[in-house]
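Here is a two-chain model to go through by question and answer. Each reply sets a value against its criterion and concludes.

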Amino acid sequence: MAGNAALRAFGRLWLKPLTLLALALPFIFLAWQWIQVLTGIDPRAMGTDFVAYTHHFLGDTAIRVLLITLAITPLRDLTGWAPLALVRRRIGVAAFIYSALHMIAYLWLDQNWDLALLWEDMVLRTYIMLGMLALVLMLPLALTSTNGMIRRLGRKAWDRLHWLIYPLAVLAVAHNLLMVKVIYGAPLVHAVILAALLAWRIWKLAAGQRATARA
Amino acid sequence: MELTFRRNEAYQALRSEMTPHESYIRRREFLAAAGFTGAAGLLGGLPAHAQTASAQGAAVQIAPGGAMKARTSAYTVADPTAAEQDFTSYCNFYEFGMDKDDPPRNAGKMNVANWKVTVEGETDAPGVYDLTSLIDYAALEERVYRHRCVERWSMVVPWIGVPMWPVLNRLKPKPEARYVQFLTRLDPSSMVGLGFGGLDWPYSEALHLNEARNDLAFLAVGAYGKGLKQQNGAPIRTVVPWKYGYKGAKSVSTIRFTTSQPPTAWNTANPSEYGFLSNVNPNRSHPRWSQTMERVLGVGGFNPQRRTEMFNGYESQVAYLYKDIDLIKFH
């Protein structure tokens with residue numbers, strides 16, 4: 001049991017700061033590429049189309065961090081390593097931050113803050129609408145992710161509100177799937193992972209109901 | 001210059017009976033038997049001026065990246081050209097993979113030496129041609145064109161090649177031919193991206209012959225003073241600057257004249273998004289990309305935004321082709 005105790009201690013002491021660092025790494029990596037381009041150290045650090053590169057990088061990171069958020073509970077249940085639950089909220093907040101950066105990059109680099117263009121994009125392009133909707137739904141979740149807000153809302157109301165992560169994850173993955181000319185590669189992998197994570201929850205729910213019925 | 005095919009009954013009979021490939025092989029035998037020797041002899045019924053070029057030692061296919069001489073033409077663009085490295089490293093050529101850097105990595109394995117082009121369909125000159133008999137490498141010109149991708153980016157590219165129509169005309173389309181279809185070579189041994197399933201292979205593109213007759217329509221064999229690299233469509237591709245980039249067929253191995261509109265790759269895959277005409281049109285929006293603006297690539301710094309022009313800036317040269325056509329409906 002000494003090993004388990006050590007693991008628990010590690011979880012308490014190091015898991016939170018290490019998670020924070022891991023969540024910041026994609027941002028640090030992207031910032032370094034920008035510095036290389038802007039200072040001329042390596043003008044090609046982001047390839048030919050660094051606008052597309054930047055907002056695809058941020059979007060991919062956002063969706064992956066969101067999927068990791070959804071994977072924490074199944075992982076905790078499978079491994080029995082309770083400290084994992086301590087970092088779930090900060091991973092979720094990071095998913096929101098990357099999504100917001102993704103949208104800022106789109107508005108700034110792609111749309112040049114042109115609201116008429118933005119409106120056209122929103123109305124005519126379903127995937128933009130889905131992405132915006134996902135981001136809007138994330139906002140209340142991010143804002144209520146402090147200990148204080150959990151206390152104020154009460155656990156039940158908080159859980160109800162944060163159930164929104166399921167529909168918004170579906171919206172985000174749909175946004176990802178619809179934006180490509182041909183569905184392949186990463187968007188497809190994201191969709192399969194989301195489907196598996198949702199299936200796991202449905203299966204747990206059904207198992208719980210069967211157990212209740214038996215009891 | 002008018003193309004004169006050898007008037008030989010046996011040869012004509014062979015050509016009408018055989019499949020194109022066989023006819024090519026047999027033609028070689030025939031010509032060898034008839035005493036033709038050397039490269040020019042093997043070319044068969046080639047344009048007279050190509051024979052001349054061969055006599056000058058210029059009818060040799062220039063390898064990818066090989067130095068290529070061309071005279072300048074009146075076709076230029078005031079904006080700066082894209083850096084060559086961007087042109088060769090940022091490519092859509094799905095047969096070699098779906099990401100922009102896949103074709104530069106993978107396409108070099110395609111062997112493009114001694115390239116053959118099959119000419120078929122509604123033509124009086126079907127057969128398999130050596131590329132050197134279609135393209136006069138001694139009479140190349142450089143044309144700086146805008147290249148507008150449907151993905152909302154653009155590059156200014158200095159292509160090298162020849163105008164399309166004189167070449168097609170020498171291939172004797174029959175009076176009833178109304179379209180010309182270009183098929184990209186299908187080379188499973190080098191094309192690692194054939195399995196993705198989104199498009200039908202070989203890649204097909206087509207033009208109405210009236211469009212092909214427009215002087216802007218171009219057959220490129222080079223760019224930036226060099227033979228085209230494979231990822232850019234070596235050794236020969238079509239360039240139709242008033243249309244979205246995918247209308248340009250790369251690595252063309254078949255030219256087919258038809259009476260009705262041939263199926264084309266993106267139009268078949270998704271007709272509501274990619275029309276047959278695919279003219280650059282900022283007034284018709286696309287479900288994935290706004291077409292009112294474009295990011296100019298390859299000019300360094302921030303990719304500047306530019307307003308997309310009707311027909312990609314070539315309106316005065318091509319608008320007559322579509323004067324009674326609703327370009328929103330027939331996009």
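Q: What kind of model is this?
A: This is a predicted model.

Q: What makes up chain A, helices or strands?
A: Chain A has nine helices and zero strands. From the N terminus on, its elements run α-α-α-α-α-α-α-α-α. The C-alpha atoms of chain A fill a box of roughly 60 × 40 × 40 Å along the principal axes.

Q: What does chain B contain?
A: Chain B has eleven helices and 13 strands.

Q: How much of each chain counts as buried?
A: A residue is buried if 20 or more other C-beta atoms lie within 10 Å of its own. Of the 215 residues of chain A, 24% count as buried. In chain B, with 331 residues, buried residues make up 48%.

Q: What share of the contacts joins residues 24 or more positions apart?
A: Among contacts with a separation of 6 or more, such pairs account for 66% in chain A. In chain B they account for 72%.

Q: How do you know that the span of helix H5 of chain A agrees with its residue count?
A: Helix H5(A) covers residues 126-143, which is 18 residues. At 1.5 Å a residue, they should span 26 Å. The end C-alpha atoms are 27 Å apart, so the two values agree.

Q: Which residues of H5(A) are buried, and what do they pack against?
A: The buried residues are A:Ile128, A:Leu130, A:Gly131, A:Ala134, A:Leu135, A:Met138 and A:Leu141. They pack against helices H3 (88-110), H4 (115-124), H7 (155-162) and H8 (165-178) of chain A.

Q: How do you know that the span of H3(A) agrees with its residue count?
A: H3(A) has 23 residues, so at 1.5 Å a residue it should span 33 Å. Its end C-alpha atoms are 32 Å apart, which agrees. Buried residues of H3(A) include A:Ile91, A:Phe96, A:Tyr98, A:Leu101, A:His102 and A:Asp110.

Q: What follows H3(A)?
A: A:Asn112 follows H3(A), and its phi is positive, near 55°.

Q: Why is H8(A) called roughly antiparallel to H9(A)?
A: The axes of H8(A) and helix H9 (residues 185-214) of chain A come within 9 Å and cross at roughly 160°. Angles over 145 degrees count as roughly antiparallel. Therefore H8(A) is roughly antiparallel to H9(A). H8(A) passes H9(A) in a left-handed crossing.

Q: Which residues meet where H8(A) contacts H9(A)?
A: From H8(A) come A:Tyr166, A:Ala169, A:Val173, A:Asn176 and A:Leu177. They meet A:Pro187, A:His190, A:Ala191, A:Leu194 and A:Leu198 in H9(A). The residues of this contact divide into eight nonpolar, two polar and no charged.

Q: What makes up the side of chain A that touches chain B?
A: In this interface, 17 residues of chain A are in contact with 19 residues of chain B. Helix H2 (50-79) and H4 of chain A each supply at least two residues of that side of chain A. H4(A) gives the most, with four residues. The residues on that side of chain A divide into eight nonpolar, five polar and four charged.

Q: Why does B:Glu84 count as partly exposed?
A: B:Glu84 has 16 C-beta neighbours inside 10 Å. Buried needs 20 or more, exposed 12 or fewer, and partly exposed lies in between. With 16, B:Glu84 therefore counts as partly exposed.

Q: Where is B:Glu84 found, and how far is B:Tyr224 from it?
A: B:Glu84 is found in helix H5 (residues 84-89) of chain B. B:Tyr224 is 140 residues apart from B:Glu84 along the chain, yet their C-alpha atoms are separated by 6.7 Å.

Methods
Residues numbered from 1 in each chain as written. Chains lettered and ligands numbered in written order. Predicted model: local features only at pLDDT ≥ 70, side-chain atom pairs only at ≥ 80, totals over all residues. Expected span 1.5 Å × (residues − 1). Contact = placed C-beta atoms within 7 Å. Nonpolar A, V, L, I, M, F, W, Y, C, P; charged D, E, K, R; others polar. Axes fitted to C-alpha atoms, helices over the stretch in contact; angles between N-to-C directions. Parallel < 35°, antiparallel > 145°, perpendicular 65-115°, else oblique. Left-handed = near helix turned anticlockwise from the far one by under 90°.
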